[in-house]
Amino acid sequence: MVLKESLTRHGFTFESDTDTEVIPKLAKFVFDQSHDEEGDVTFSQVVMEVMRQLEGAYALIFKSPHYPNELIACKRGSTLILGVNELSGQHNGKPFPDVKALTTNGKPKELFFSSDLCAIVEHTKNYLALEDNEIVHIKDGSVSILKFDHHKEKPASVQRALSVLEMEVEQIKKGSYDHFMQKEIHEQPHSLTTTMRGRLKDGEVLLGGLKEHLKTIRRSRRMVFIGCGTSYNAALAARPFVEELTGIPVTMEVASDLLDRQGPIYREDTAVFVSQSGETADTLLALDYALENGALCVGITNTVGSTLSRRTHCGVHINAGCEIGVASTKAYTSQIVAMAMMALAIGSDQISTQARREAIISGLSSLPSNVREVLKLDVEMKELASSLIDSESLLVFGRGYNYATALEGALKVKEVALMHSEGMLAGEMKHGPLALVDENLPIIVIATRDACFSKQQSVIQQLLSRKGRLIVMCSKGDASAVCPSGSCRVIEVPGVADCLQPVVNIIPLQLLAYHLTVLRGFDVDQPRNLAKSVTTQ
């Protein structure tokens with residue numbers, strides 16, 4: 001606002017209320033002022049002065065008629081990727097050793113800028129992820145990288161190595177599916193397999209990214225799980241078994257709320273940051289806060305080379321593959337599995353939980369086949385969606401391991417079907433939500449077999465006695481146990497280890513949200529007002 005007011009006083013007019021419009025007008029103001037005072041001014045000097053004035057996160061590309069054959073890109077906080085492709089046909093996919101090699105071999109190149117690796121995979125696999133305050137200057141075909149420093153007038157030249165993208169073009173195409181969200185839901189048997197590949201061996205969990213820090217984590221006074229949206233829900237699903245297997249207390253924090261409260265983080269804490277993209281603004285700011293307070297920081301992310309993976313001390317890549325639909329599906333289930341493996345690795349020194357660990361590892365091995373089985377409910381979920389199409393609200397009750405499932409299922413319906421939905425803790429039903437129950441409001445109750453099963457049976461009976469319109473999710477063979485009168489709709493899912501049941505249980509709710517969205521005529525992959533990676537506060 002300060003910059004906008006200043007530019008307005010200098011005669012600039014604005015056509016929108018966006019922060020983005022301020023930046024090119026600030027650049028024009030800097031150019032005019034420098035040109036009047038000093039005569040010639042370079043393009044990089046203009047951009048660096050703009051960077052000096054800006055606060056917050058951004059990724060920018062500058063092009064100007066005043067500087068033909070030049071382009072400058074810079075970033076702070078947000079993601080910016082430089083992709084490089086050699087056009088001669090003799091490169092054979094081999095990586096360039098570094099940025100200097102781009103201009104020394106004399107062969108024609110294509111250069112791409114993107115905020116996401118998925119966007120460049122069909123053009124090249126050679127890329128460079130820019131660091132904060134780095135500037136890429138392209139002039140007459142030559143490429144240079146500079147490091148901007150607020151305290152220095154001249155930037156330093158830096159040399160950066162290129163990386164090779166391990167992704168195939170098929171991952172960013174819909175194939176035989178109508179939407180990316182549909183494709184990503186049905187990819188989950190495969191994505192879960194890749195999440196676990198090479199990490200489960202001979203009844204043990206091997207996580208190379210955590211190996212050097214396991215002893216420190218075991219000595220923590222508590223673990224703090226920090227995330228936003230779906231990633232927060234995945235961490236919430238993991239909390240019960242992390243506490244059970246490690247014996248370490250776990251607290252949950254929504255990243256923005258932790259920052260608002262300036263909640264206490266101690267040197268003896270392990271802070272676990274969960275983010276699909278690894279670029280979520282609130283999560284990264286919370287990471288800065290935790291680092292300042294001396295906590296060990298662990299990252300759980302789907303994006304190799306992301307800011308989160310670079311700035312945490314250690315972590316686990318979930319390897320779920322490229323996720324393009326705005327509403328996260330396969331990343332959610334892979335995050336839960338990755339955190340299950342993390343809990344198994346941290347607790348592997350405890351003899352008292354050995355039998356439990358072995359049962360969970362066995363359950364992990366069979367999880368992809370169980371997910372494949374539950375995906376057969378697709379047609380049934382489409383029929384259920386057609387019966388809910390005119391409903392204005394939806395309640396989802398869960399408890400124990402499946403409280404997170406209730407929150408995530410409701411979030412999916414909210415995100416893509418644009419229908420009011422609430423995930424609620426079933427134990428809180430009598431403390432207010434019960435007043436909403438009538439014969440018109442659809443209510444989903446998650447009642448699969450675990451330690452809370454009998455309590456969920458009681459909840460179902462109380463809702464039925466008030467003529468609730470119930471949809472009950474239960475383990476196979478339990479239909480008569482959860483709904484003896486046959487007066488409610490039942491969704492039967494395969495039974496797995498109780499702590500892994502949320503991975504199976506969320507899939508019918510993902511399918512329901514997808515079909516509701518299609519039937520209601522809304523955009524599945526790009527819901528209104530939402531972005532895949534939230535890079536602003």
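How many disulfides does a search of the whole structure find? One. A disulfide here is a pair of cysteine sulfur atoms within 2.5 Å.

Before the details, some ground rules. This is a predicted model, in which local features need pLDDT of at least 70 and side-chain atom pairs count only at pLDDT 80 or more, while totals for chains, interfaces and linings use all residues. Residues are numbered from 1 along each chain as its sequence is written, and side-chain values use heavy atoms, with hydrogens and water left out.

Back to the cysteines. The disulfide joins Cys 483 to Cys 488, with 2.2 Å from S to S. Buried means under 20% relative accessible area, exposed means over 50%, and partly exposed lies in between, using a 1.4 Å probe and protein chains only. Cys 483, at 5%, counts as buried, and Cys 488 is buried at 11%.

Cys 314 is buried, at 6% relative accessibility. For Cys 452, the closest cysteine sulfur is in Cys 499, 13 Å away, again too far for a bond.

On a 1 Å grid over the protein atoms alone, a cavity is a set of points where a 1.4 Å probe fits but cannot get out; a pocket is an open set with protein on both sides within 12 Å along at least five of seven lines; lining residues have an atom within 4 Å of a point. Points are joined across faces, edges and corners, and a volume is the space filled by probe spheres set on them. There is one cavity of 30 Å³ or more. The largest cavity has a volume of about 40 Å³, and its lining includes Cys 452, Arg 399 and Asp 450.

Now the second largest pocket, with a volume of about 880 Å³. It is lined by 31 residues, and those closest to its centre are Asp 19, Glu 55, Gly 56, Ala 57 and Tyr 58. The lining divides into 13 nonpolar, nine polar and nine charged residues. In this scheme Ala, Val, Leu, Ile, Met, Phe, Trp, Tyr, Cys and Pro are nonpolar, Asp, Glu, Lys and Arg are charged, and the others, Gly among them, are polar. Helix α10 gives the most, four residues. Helices (H or I, at least four residues) and strands (E, at least two) are DSSP runs, numbered from the N terminus.

Next, the interior. In soluble globular proteins, nonpolar side chains tend to be buried together. A nonpolar core is a set of buried Ala, Val, Leu, Ile, Met, Phe, Trp, Tyr and Cys residues joined through side-chain atoms within 4.5 Å. The largest one has 90 residues, of which Met 223, Phe 225, Met 342 and Leu 367 touch the most other members. Helix α12, residues 330-346, supplies the largest share of this core, 13 residues. A second, separate core has 26 residues, including Phe 31 and Tyr 67.

Contact means heavy atoms within 4.5 Å. Beyond its neighbours within four places in sequence, Leu 367 is in contact with residues including Leu 192 and Val 337.

Leu 192 is one of the buried residues of helix α6. Seven of the nine residues of α6 (188-196) are buried, so this helix is largely enclosed by the rest of the structure. Its buried residues pack against α5, β10, α12, α13 and α18. After α6 comes Gly 198, with a positive phi near 75°.
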